[in-house]
Amino acid sequence: MGAYREVGPAAGWLDMERRVLEFWRERRIFARSLQERAGAEPYVFYEGPPTANGRPGSHHVLSRVFKDVFPRFQTMRGRHVERKGGWDCHGLPVELEVERQLGISGKPEIEAYGIAEFNRRCRESVTTYLDEWERLTERIGFWLDTDAAYRTMDTDYIESVWWSLAELFERGMVYESDKVVPYCPRCGTALSSHEVAQGYGEVTDPSVYVRFPLADEPGTALLVWTTTPWTLPANQAAAINPDTAYALVEVGGERLVLAAALVERVLGEGARVVRTLGPEDLVGRPYEPPFGYVPGAHRIVAAPFVTTEDGTGIVHIAPAFGEDDMQVARDHGLDTPNPVDRQGRFTDRVPPVAGVFVKDADRALVEDLAARGRLLREQPYVHAYPHCWRCSTPLLYYAKPSWYIRTTRVRDRMLELNAGIGWHPEHVRDGRFGRWLEGNVDWAISRERYWGTPLPLWRCGTCADVQAVGSFAALRERAVNPPGDDFDPHRPHVDDVVLRCRACGDDAHRVPEVVDVWYDSGAMPFAQRHHPFAGQGDLEGRFPADFICEAIDQTRGWFYSLLAESTLLFDEAAYRNVLCLGLILDHDGQKMSKSKGNVIEPWTVLDRQGADAFRWYLLTGQSPWESFRFSLDVVDEAMRRFLFTLWNTYAFFVTYASLPDGWAPGDPAPPVAARPAMDRWILSRLDDTTARVTERMEAYDPTAAGRAVEDLVDEVSNWYVRTSRRRFWRSEDADDRAAAFATLHECLSTVALLVAPFCPFVAEEIHGNLVAAHDPAAPESVHLARWPEPGARRDEALEAGMTAAMEATSLGRSARKEARLKVRQPLAEAVVACPPAVAESVGGLAGVVADELNVKDVRFVTDPGELVEVTVKPNYRTLGPRFGKAMPRVAAAVAALDPAAAVRALDAGSAVEVEVDGGRERLADTDLLREVRPSTGYAVAQGGAIAVGLATALTPELEREGMARDVVRVVQNARRAAGLRVEDRIRLHLDGSGRVREAVDAHRGYIATETLAEALTVAHGAPFAGDHREETLVDGEPLALRLERVG
RNA sequence: GGGCGAUUAGCUCAGGUGGUUAGAGCGCAUCCCUGAUAAGGAUGAGGUCCCUGGUUCGAGUCCAGGAUCGCCCA
């Protein structure tokens, strides 16, 4: 049986956390929490891999805390929860960082530098901040197996990705196609739609209204509007909507064609409509292109996507530069000429701007149009335009060959599987994510970059047959020049491997692209286990995930790539539950950014307030999926409101349990049924809370779970301990004291279990000091313990009575304040006016109310009219459904009742009759709500059905007692000032005015007991000098005291 | 332009299935307590529940439209 470790003030919190971290390290608690659950039912968690080439921020703490809380909870529930870490290693961000370091920019410079050395540096760069990530992960208490972390750049990982792509290729799900893709000319690569999404920004483009003269009707021109003048040289057609009315108008001596609805908006009031035109008047007619450099059909076509929302209702079609345009070209057999090179510069097919970057060519091209009389008007146009998410270059929509996965073929299946996923919040399933899935397009997975998983496709130079390679063994088998055992599958080495074409036997070379990094991360369910190469059953109990958790911006990122790949490969969703998190904003709701200087570094919070406070705020501050308005202040609030309250209660327990006549676990205590109502009440609340927390955690709602504990801890601290304080140090009744200790001990040790997943440090501290130190059979760590089962001690009647007692106390205090009677002054009586049912429920708790209000007696009056006046109102909740439309007349009938008579009848157990619409209706007790109002004589406060009155008259005796309490307070302060310990005995001498001495004389015993005075002398001739002397006033009267320690 | 979400006290947030007088914490004011003490507590002030319509005996809650903010997509 061990002793308690002394508990200091909460100021030592950070030291406590460091101690706990050390304990976990030394005793290998995390590893053991897994070992001890070996063979148990698995609970599968997937870590969405971050990239370690940047420092972790507060938003990473957010996701890591939520990722931690459920695995901890499920482990305590008895599940085996592997938590394999992971790192996303490939991708453009890494390449860009290396480009910056090297001072180079763009693909030509990278290739001049050398791909081998470039990729070597990428490999180094990607682990730059690995140390800091691991330190942070440990410091915030995120239990993650970082030693066994998967890395998307590892050879085994890549081989699994190859396996999956070869599978899909063999099934005809991978194809190459010329499609228009968002393309970054600087990075020289196409971007996936989820990458595009990240880079929208406002830009001002020159929007131009251009004349396309009709070739068969001189003097008349189509009016075309575009915001990308640089696409005009590639024009192939002009599109109209077949369901829109067009107008031929005359303005300023020329004739123009545009949508009828837009005439006034575009041309003003000076335009005269000559004739309305339909599609039959326009489709198929030839026009003169804006520039003559690129040949083409140059005729009018019909396309349903054309709108009249802006522009002129006539759309210029450049098939190489727009997805819709490309579709029009396919539908009408148009060419798709592209006079722009891969760097976004015009080729010499457009001589005036050859070699110029397209966006920079806008000016020259517009001036050229103006000079030739083709430009009607130009005006700046502000709109959102996509930019490269890393280098901020405006993207071009650009036709180029790309590799695709035919995800559209499993779109409906993905929707089905999605319907079975537990989304938190629920609305994401059918809303944001569901809508996105419905609009699914084939996944463009190839990137013309360097640092990534190489696309495992080899194309024959002779017959163009393409083969997919699904393993390194297959690679070696088919290679003309098989690579060695230490083969690095990255570029450029893999590019050197030549295969023999299966069709014609000639040499086949790898296609140049690498794989979209989102494909890498979406492959983690199987690639992290080197599936299928690791052998039969390698995914058993590891797929699908029970739980994943990331920020809401992953909807189109990881959430999608996981689902898409698992549907394609395994026909199953990769995760059963997903928790979406909101963004971290600053206190004013602004995004945190370095340029605004409003970034809060996680280390700042951890070094000042600690991990538990950080975690508690994030987990319980608000719904996880809302934006977090984050600041040091909100963490402070969480800390004070909950953690310090818990700490103070814990410190209180240890202080008194440590005393010589204290209490230790295992010491005898009365059975719960024999303990006082206060004990049974808090244990009822404890059981209720345990059930509630369990239920909420199972529902992935840590916010409500945490708040339930918060409420309980508040009740323990501010009601149970406050009202029971004396039982811990001065109970004459040993059983009663033991009951109090045992009850509080159970509350604290159970709360430690309940909060272990949330704030694992303080939970460990409390468990260690209150449980593990005393019971050799107990788990040495709270995180090795089993989750508590709620007991069967719920007593709702008792809880209702306590609620009424609390309310009566609150009302009594309000009345005291009103009457300006401080609580230290005892009063003769409190009168509680309430219905009989309430009086009965409070029952044995009247003594609590009396203590709290410092009154000699609490008397219940249940007869209406005594102390208060009573009124009754209809209970709409019960009567509404019963009477419906007749409710207003029921309310009128209730108002006409004699309230006192009605209440007496109800209290006597009979119903009240009212007449409604000619019928007699019986109203039961629950159909009427009572309200009391103070009448006279007492200081009264009322709230709803309860009113409390205080007898305000003070007798000399009561005044003496009040003064005695004042004296005790002064002596206690003096004890503390003298540096005495709470259990030290003293000799005490008091002197003062006549009133003071009378009070002391009358309450000698009380004062001596309260102040642990073994000897108490009054007035004349102090028998000792006293280590501590003091002169002061009590209630305006002089008091002198001396005291000294004995023994 | 479309999708999704949000809007409740000065601030941060709660408010199953419509039903009494819309709650908490922080801050503020006035106090209390003083053996949990570099703590703790009470009482009070503070609200057009974004706006406008609608459904209903009854709307913070349901429906429609609008405003503002955020995210996502065009």
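The structure described here is a predicted model, with scores of ipTM 0.91 and pTM 0.86. For chain A the mean pLDDT is 87, and 70 or more is reached by 96% of its residues.

Helix H12 spans residues 323–332, and its buried residues are Asp-325, Met-326, Val-328 and Ala-329. Viewed down the axis of H12, these buried residues fall within an arc of 160 degrees and therefore line one face of the helix. In general, an α-helix has 3.6 residues a turn, so residues three or four places apart point the same way. Glu-323 and Asp-331, by contrast, are exposed on the other side of H12. Just after the helix, Gly-333 adopts a positive phi of about 65 degrees.

A helix–helix contact is formed by H21 (residues 611–620) and H24 (residues 702–729), whose axes come within 8 Å and cross at roughly 115 degrees. On the H21 side the contact involves Trp-616, Leu-619 and Thr-620. These meet Pro-702, Thr-703, Gly-706, Arg-707 and Glu-710 of H24. Classified by residue type, the contact of H21 with H24 comprises three nonpolar, three polar and two charged residues.

The largest nonpolar core contains 133 residues, of which Leu-618 and Phe-653 touch the most other members. Helix H22 (residues 632–657) provides the largest share of this core, namely 14 residues. When neighbours within four places in sequence are left aside, Leu-618 is in contact with Val-61, Leu-62, Val-65, Phe-66, Ile-584 and Phe-628.

The peptide bond from His-424 to Pro-425 is cis, with omega near 5 degrees. Pro-425 is placed in the loop between strand E15 (422–424) and helix H15 (427–438). A cis peptide bond likewise runs from His-531 to Pro-532, where omega is near -5 degrees. The loop that holds Pro-532 lies between helix H18 (524–527) and strand E23 (548–551).

Positive phi values occur in residues that are not glycine, including Ala-464, at about 70 degrees. Ala-464 belongs to the loop between strand E18 (457–460) and strand E19 (466–468). Because its relative accessibility is 44%, Ala-464 counts as partly exposed. Leu-1012, also a residue other than glycine, has a positive phi near 55 degrees. Leu-1012 is located in the loop between helix H35 (1004–1010) and strand E36 (1013–1018). With a relative accessibility of 11%, Leu-1012 counts as buried, since buried means under 20% relative accessible area.

Methods
Residues numbered from 1 in each chain as written. Chains lettered and ligands numbered in written order. Predicted model: local features only at pLDDT ≥ 70, side-chain atom pairs only at ≥ 80, totals over all residues. Heavy atoms only, no water. Buried < 20%, exposed > 50% of the residue type's maximum accessible area, 1.4 Å probe, protein only. Helix = DSSP H or I, 4+ residues; strand = E, 2+ residues; numbered from the N terminus. Arc of directions from axis to C-beta. pLDDT = per-residue confidence, 0-100. Axes fitted to C-alpha atoms, helices over the stretch in contact; angles between N-to-C directions. Contact = heavy atoms within 4.5 Å. Nonpolar A, V, L, I, M, F, W, Y, C, P; charged D, E, K, R; others polar. Core = buried A, V, L, I, M, F, W, Y, C linked by side-chain atoms within 4.5 Å.
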